[in-house]
Amino acid sequence: MLLDVRELHAYYADSHVLQGISLQVHEQEAVAVLGRNGAGKTTTVAAIVGLVRPRQGAVRLRGADLAGRPAHVVARSGVALVPQGRRVFPDLTVRENLLLTARTGAWTLERACELFPAIPALLPRRGAALSGGEQQIVAIARALLRDPTLLVLDEPSEGLAPQLVEQLGAVLEQLRASGVAILLVEQNLALALRVAERVYVMNKGRIVFEGKADALRDDPAVLHQYLGV
Ligand SMILES: Nc1ncnc2c1ncn2[C@@H]1O[C@H](COP(=O)(O)OP(=O)(O)O)[C@@H](O)[C@H]1O
Ligand SMILES: [Mg+2]
């Protein structure tokens, strides 16, 4: 087991936003978390990576409980986040964005450029000058340069044109094949089903479905009730 989240509870002030989230990601597995706006997906991610302190529950990475540990500790233990909205630093160049948090390991700038052939031409440009699709490439490459065992992506397809979502799917399939485990938060059902072997569906701070991607595909009631499909 790579990531083992057990009975996670989190609050914003008095608002009980995560009400006992349990989910697992095995080594080299790709898992998706689906759910509508406000379901608690980003808060779940934030609690996993140390940006929100859970009030109760465990976040184990290869057995070590990281719940409540600061984000830099979680990052050092091999979890890299591609945050919702990309968060590329606007005043830094792409090169600086990529190398600021890079660690030495299997993922080098050269290897990232092989995965994303667009990167070399972007290196001298400032973050503020990038399109949404370019920002997404930089955000993913930046996370890979942290040499993660677990790559967490929070709605990477948000705001991307269909053609770019298609390219994103191909990249995530390639990454899955390369052996990095993936936790993909999405509202795009097709992308999630393409990339993930197993899926969780969240609603109002709880997991309301968990199973194989095919099982969700064949469950019109869950698709309709929780994803509006
Ligand atoms: N910083 C915050 N302060 C207070 N409430 C928040 C904050 N962030 C999110 N929420 C609330 O928590 C709930 C879950 O939000 P979020 O985890 O962002 O959901 P999702 O990512 O699935 O859209 C929502 O009701 C949202 O309004
Ligand atoms: Mg979100």
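Select glutamine 28, in the loop between strand S2 (15–25) and strand S3 (30–34). The model is a predicted one. Is glutamine 28 buried or exposed? Glutamine 28 has 52% relative accessibility, and because the cut-off for exposed is over 50%, glutamine 28 counts as exposed. Now look at the backbone: phi of glutamine 28 is near 65°, a positive value in a residue other than glycine. Most residues other than glycine have a negative phi.

What is the phi of lysine 204? The value is near 45°, positive in a residue other than glycine. Lysine 204 is exposed, with a relative accessible area of 66%.

For a buried residue, select leucine 144. Leucine 144 belongs to helix H6 (residues 132–144). Its relative accessible area is 0%, and since buried means under 20%, leucine 144 counts as buried.

Now show ligand 1 and the residues around it. Which residues surround ligand 1? They are Tyr12, Val17, Arg36, Asn37, Gly38, Ala39, Gly40, Lys41, Thr42 and Thr43. By class, this shell has three nonpolar, five polar and two charged residues. Helix H1 (residues 41–49) gives the most to the shell, with three residues.

Zoom in on the oxygen atoms of ligand 1.

- Glycine 38: a backbone N or O atom lies 2.7 Å from an oxygen atom of ligand 1.
- Alanine 39: a polar backbone atom is 3.2 Å from an oxygen atom of ligand 1.
- Lysine 41: an N or O atom in the side chain is 2.7 Å from an oxygen atom of ligand 1.

On its own, ligand 1 has 560 Å² of accessible area, and the protein covers 55% of that.

Finish with the aromatic rings. Select arginine 55 and tyrosine 11: the charged end of arginine 55 sits over the ring of tyrosine 11, 3.6 Å from the ring centre. Then select arginine 111 and tryptophan 107. Where does arginine 111 lie? Arginine 111 is over the face of tryptophan 107, at 3.7 Å from the ring centre. How many aromatic pairs does the structure hold? The count is zero.

How values were computed:
Residues numbered from 1 in each chain as written. Chains lettered and ligands numbered in written order. Predicted model: local features only at pLDDT ≥ 70, side-chain atom pairs only at ≥ 80, totals over all residues. Heavy atoms only, no water. Phe/Tyr/Trp six-rings, centres within 6.5 Å; stacked < 30°, edge-to-face > 60°. Lys NZ or Arg CZ within 6 Å of the ring centre and 35° of its normal. Near = heavy atom within 4 Å. Polar contact = N/O pair within 3.5 Å; in protein donor to acceptor, adjacent residues only side chain to side chain. Areas by Shrake-Rupley, 256 points an atom, 1.4 Å probe, with all protein chains shown as cover. Helix = DSSP H or I, 4+ residues; strand = E, 2+ residues; numbered from the N terminus. Nonpolar A, V, L, I, M, F, W, Y, C, P; charged D, E, K, R; others polar. Buried < 20%, exposed > 50% of the residue type's maximum accessible area, 1.4 Å probe, protein only.
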